[in-house]
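Please examine the sequence and the structure shown here before reading on.

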Amino acid sequence: MSEDFLPFVRPAIGEDTIAGVADVLRSGWITTGPQVAGFEAELAAYVGGGRAALGYCHATGALEQCLRALDIGPGDEVIVPDMTFAATMNVVFQIGATPVLVDVDFATRNLDAARVEAVLSPRTRAIMPVHYAGLAVDMDPINALARKHGLRIVEDAAHAIGTRDKGRLIGSFGDIVCFSFHANKNLTTIEGGAVVTTDAKVLERLRVLRFHGQVKLPDGSYDIIEPSNKYNLSDVSARIGRDQLATLDARNAKRRALAMHYFDALTGIEHIALPARGDGGHAWHMFAVCIDHEALHTDRKSLRDALQAHGIGTGVHYPALHQLSVCKRLGARAEDFPNADRIGKQTLTLPLFPEMTESDVDRVAHALRTVLHG
Ligand SMILES: *Cc1c(COP(=O)(O)O)cnc(C)c1O
């Protein structure tokens, strides 16, 4: 795809998946049914650790209902990294609890146990680590901290299907883990998500919450045991997910190889901070650099426009949460989040998706060099 426009992301859907979806569409059963059951079983087997998986129509709904299944609500605090997509924070507001933001490490963009410990209060109920861009949060110290203080952990693993922390797949250990299968993510079902956990009580509650609070009765009718919402996954989506899962490791390996090529191609460009490489466990959902626009006497909008003119799409992931109006209204101050503040202002997501080639990476690097330094 040499001189065509290079978007920053593009889903990889094969012709066999399209044919598989057509079969589901013709089958007479298109919403939650056998494809979802199959996808859930295959996902549970993929992450391992004896976990069960529950499909959701998006990770946002999954995250929200996990907090609700833990009976977190008004008066409770949930710790959220300042550098994440707004969904991580929004779900805390949705259940009436208070998100407590923590700064992240500049190199990894992830929270850590020391920063979490510094904001614990008697009201803290849960921690929501985000494996930013597919780089695992160092989970052992966070899990130990949670055990020590009786807290729950709901991992936002939206970027992290296939990510490993010290060799262990995210989802195979820990408390409760949510994946996203949005179109831009490493595994897509168009829109979709999943929860994996070994907590049987949480799982049972989620099964009810996921579909209106409904339980089936022996007489063939049903009862509603608590008011809830509707977040079930469709069979059409699950059919896509099954193919995507079967080829996930190959796509993630391709992402990794392209990311390594970025490190080579971007060496020696001044005023660009490259992301942490991690070890082999990084799933490379995104390749996001930080650019010191001030030192370059430019701004992100001009840079993005110039790259666009070179046929290269970019993204901004993300503005720091404290920079958003909802948090400013609650009194969030930039000086409490120096790293996330800088990332939010400087971050630029470069194109990275499995169907790209190394020469696409070279093209991005060349355009960046030209635009930044002439
Ligand atoms: C995409 C994303 C979500 C939300 O996922 P949906 O499936 O779109 O609801 C949550 N958190 C992070 C970090 C994400 O990137």
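The model is a predicted one, in which local features need pLDDT of at least 70 and side-chain atom pairs count only at pLDDT 80 or more, while totals for chains, interfaces and linings use all residues. Residues are numbered from 1 along each chain as its sequence is written, and side-chain values use heavy atoms, with hydrogens and water left out.

Arg 300 lies in helix α10 (residues 300–309); helices are DSSP runs of H or I with at least four residues, strands are runs of E with at least two, and both are numbered from the N terminus. Arg 300 is buried, a word that stands for under 20% relative accessible area with a 1.4 Å probe and protein chains only.

Why does Ile 153 count as buried? Ile 153 counts as buried because its relative accessibility is 1%. This residue is found in strand β5 (residues 152–156). From C-alpha to C-alpha, Ile 153 and Asn 143 are 7.6 Å apart in space, and they are 10 residues apart in sequence.

**Two pockets**

A pocket is an open set of points on a 1 Å grid, where a 1.4 Å probe fits, with protein on both sides within 12 Å along at least five of seven lines; lining residues have an atom within 4 Å of a point. A volume is the space filled by probe spheres set on the points.

| Pocket | Volume |
|---|---|
| Largest pocket | about 430 Å³ |
| Second largest pocket | about 300 Å³ |

Of the 29 residues that line the largest pocket, Phe 85, Ser 180, His 182, Lys 185 and Tyr 318 are the closest to its centre. The largest share of this lining, 3 residues, comes from α3. At least two residues each are supplied by α3 (59–69), α4 (87–94) and β14 (347–350).

The lining of the second largest pocket includes Trp 29, Phe 211 and Asn 232. Strand β10 (residues 214–216) gives the most to the lining of the second largest pocket, with 3 residues.

Key:
Buried < 20%, exposed > 50% of the residue type's maximum accessible area, 1.4 Å probe, protein only. Lys, Arg positive; Asp, Glu negative; His and termini not counted. Salt bridge = Lys/Arg side-chain N within 4 Å of Asp/Glu carboxyl O.
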